[in-house]
Amino acid sequence: MKHPLEHGSNWLGHAMERSTMHDPDEDKGGTRRYRTVFISDLHLGTPGCRAEELLAFLKASSCEQLYLVGDIIDGWQLRRRWFWPQAHNDVVQKLLRAARKGCRVVFVPGNHDEFARGFIGHQFGGIEVVDDAVHTTAAGQRLWVTHGDYFDGVIQYAKWLAYVGDNLYEFALRLNRYLNHLRAKFGLPYWSLSAYLKLKVKKAVSFINDFEQAVAHEARKRGHHGVVCGHIHHAEIREIEGVLYCNDGDWVESLTALVEHHDGRLEILRWGDMAPARDLQQSAGAPATA
């Protein structure tokens, strides 16, 4: 029997194709309808979470299946200091409401919400909690869905260092909010300091590449056509040695989601490309209170 990835790569081009025509999934009311939506790294419970923008995205979109690909609630931060404004509660209520209305909602816990791994196999408000999942697209391709922290050596073998890095990352985000508050006053668009630093530091770039290679290799080993993950806050769709690698990004900096259209096409959506300019200006211009 042939390995599923040996049947040719035509499906890869189809999966990664971006339509330049009018989007047939958008209805007259402006709601975008998708077969599947994948989001991760919301980090609810932290000042860095862009809950208002996420809620606006969820209200503007509908889907048959919604995958929450880890780090939805930031248990690490909440253990140090409680932070839970109304907008974060609204996001949770929106997710529960989607499940009640018939959307299949699947939660794959990550390292920041690892507490939820103790509830794998259970449902809460209609939301399924699983260790990982296999999603079959409309084109018949199997995608392994995992947060990805199992492929991060720091998380697995030096967790204390991960906690230190998390504190530094939170500091960079806080500094970033005030920088963008000043930029907004001068009419400048949102700019991510932490994303800039990650892509400029050689070791960070090397880590991202090693992570992507490791996740794609494991997906191939398991016999899947591709993988959907999060964890590294770097949205991307690309082919790695015949495996479709998809990272849905985050809702702290990039404000991205991975969506599957009804014909099986996969696309990364950036809220900055979808939201009205005035909404982006307002969100960038108001630094969150710690």
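Me: Why is Arg97 called partly exposed?
Reply: Arg97 has a relative accessibility of 33%. Buried means under 20% relative accessible area, exposed means over 50%, and partly exposed lies in between (1.4 Å probe, protein chains only); Arg97, at 33%, therefore counts as partly exposed. The model is a predicted one, in which local features need pLDDT of at least 70 and side-chain atom pairs count only at pLDDT 80 or more, while totals for chains, interfaces and linings use all residues. Residues are numbered from 1 along each chain as its sequence is written, and side-chain values use heavy atoms, with hydrogens and water left out.

Me: Where is Arg97 found, and what is its place on the surface?
Reply: Arg97 is found in helix H4, residues 86–100 (helices are DSSP runs of H or I with at least four residues, numbered from the N terminus). With Lys59, Arg100 and Lys101, Arg97 gathers in a patch of positive charge on the surface. Patches are made of residues with over 30% relative accessible area and no salt bridge, like charges being joined within 9 Å.

Me: What makes Ala98 partly exposed?
Reply: Ala98, which also lies in helix H4, has a relative accessible area of 22%, so the term is partly exposed.

Me: How do you know that Cys63 is in no disulfide?
Reply: The structure holds 0 disulfides. For Cys63, the nearest cysteine sulfur is that of Cys103, 3.9 Å away. Cys103 is buried, with a relative accessible area of 12%.

Me: What makes Glu218 and Arg222 a salt bridge?
Reply: Their side chains meet at 2.9 Å, N to O. A salt bridge is a side-chain nitrogen of Lys or Arg within 4 Å of a carboxyl oxygen of Asp or Glu, so this pair meets the definition. Glu218 is buried at 17% relative accessible area, whereas Arg222 is partly exposed at 42%.

Me: Why is the pair Glu236 and Arg238 called a salt bridge?
Reply: The N to O distance for Glu236 and Arg238 is 3.6 Å; this falls within the limit for a salt bridge, and the pair therefore counts.

Me: Is Arg265 buried or exposed, and how do you know?
Reply: Arg265 has a relative accessible area of 6%, so the residue is buried. Its side chain meets that of Asp263 in a salt bridge of 3.0 Å, N to O, and Asp263 is partly exposed at 39%.

Terms used. A disulfide is a pair of cysteine sulfur atoms within 2.5 Å. Patches are made of residues with over 30% relative accessible area and no salt bridge: like charges are joined within 9 Å, nonpolar side chains (Val, Leu, Ile, Met, Phe, Trp, Tyr) within 5 Å. Accessible areas come from the Shrake-Rupley method with a 1.4 Å probe; for residues, only the protein chains shown count as cover. Lys and Arg count as positive and Asp and Glu as negative; His and the chain ends are not counted. The place of a charge is taken as NZ of Lys, CZ of Arg, CG of Asp or CD of Glu. Helices (H or I, at least four residues) and strands (E, at least two) are DSSP runs, numbered from the N terminus.
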